[in-house]
Amino acid sequence: MIEDDEKALAILTMALSPDIAQRFRKYKYAKALWEALIKVYEGNEDMKQSRQDLLRQRFNMFNHVLGEALEAQLQRFITLNTEMSIVGIVLSRSEINKKLLNSLPKKWDMNVSVIKKTKDLSKLSLLPK
């Protein structure tokens with residue numbers, strides 16, 4: 001068990017950047033280090049709820065930025081959706097698709113209208129997997 005703990009501690013420590021690892025040097029056991037990392041980076045229930053609320057707000061306010069390339073917008077949207085799923089926010093495919101379509105630049109309005117009228121947004125996947 002001691003060898004396993006030493007291996008786990010080494011793996012955890014190597015996975016941390018040097019500046020973060022420095023802050024956690026006092027932990028001599030993998031379980032203690034793991035619990036400290038969770039406490040610092042995940043926080044308590046209030047912090048988790050605040051993080052979820054912030055991500056929901058960012059999702060609701062997501063929109064095209066003037067002059068932004070479509071690829072950059074899609075990357076921002078994918079990143080936001082990934083962050084939301086990590087913290088446990090589950091959205092329906094329809095909600096995600098509607099938000100993405102509604103956030104596209106005005107020049108896409110005709111295409112967006114056609115997609116909304118001809119496709120089932122609950123089954124369609126607009127984001128790459």
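Guide: Contact here means heavy atoms within 4.5 Å. The model is a predicted one.

Visitor: With which residues is Ser122 in contact, leaving aside its neighbours within four places in sequence?

Guide: Ser122 lies in the segment after helix H7 (109–118). Ser122 and Ser92 are 30 residues apart in sequence, and their C-alpha atoms are 7.3 Å apart in space. Once neighbours within four places in sequence are left aside, the residues in contact with Ser122 are Arg93 and Ser94.

Visitor: Does Ser122 count as buried, partly exposed or exposed, and which is it?

Guide: Buried means under 20% relative accessible area and exposed means over 50%, with partly exposed in between. The relative accessibility of Ser122 is 43%, so Ser122 counts as partly exposed.

Visitor: Is Phe59 buried or exposed?

Guide: Phe59 has its place in helix H4. Its relative accessible area is 7%, and the limit for a buried residue is under 20%. Phe59 is therefore buried.

Visitor: What separates the C-alpha atoms of Phe59 and Phe77?

Guide: Leaving aside neighbours within four places in sequence, Phe59 is in contact with several residues, including Phe77, Leu80 and Met84. Phe59 and Phe77 are 18 residues apart along the chain, and the separation of their C-alpha atoms is 8.3 Å.

Visitor: How many residues of the contact of H4 with H5 are nonpolar?

Guide: From H4, the residues Leu55, Arg58 and Phe59 meet Phe77, Leu80, Asn81, Glu83 and Met84 in H5. Of the residues in this contact, two are charged, one is polar, and the number that are nonpolar is five.

Visitor: Which element gives the most to the largest nonpolar core?

Guide: The largest nonpolar core has eleven residues, among them Leu55, Phe59, Phe77, Leu80, Met84 and Leu100. Two or more residues of this core come from each of H4, H5 and helix H6 (93–103). With three residues, the element that gives the most is H5.

Visitor: How many residues are in the second, separate core?

Guide: The second core is separate and includes Ala21, Phe24, Leu33 and Ala36. Its number of residues is nine.

Notes:
Residues are numbered from 1 along each chain as its sequence is written. This is a predicted model: local features need pLDDT of at least 70, side-chain atom pairs count only at pLDDT 80 or more; totals for chains, interfaces and linings use all residues. Side-chain values use heavy atoms; hydrogens and water are left out. Helices (H or I, at least four residues) and strands (E, at least two) are DSSP runs, numbered from the N terminus. Ala, Val, Leu, Ile, Met, Phe, Trp, Tyr, Cys and Pro count as nonpolar, Asp, Glu, Lys and Arg as charged, and the others, Gly among them, as polar. A nonpolar core is a set of buried Ala, Val, Leu, Ile, Met, Phe, Trp, Tyr and Cys residues joined through side-chain atoms within 4.5 Å. Buried means under 20% relative accessible area, exposed over 50%, partly exposed in between (1.4 Å probe, protein chains only).
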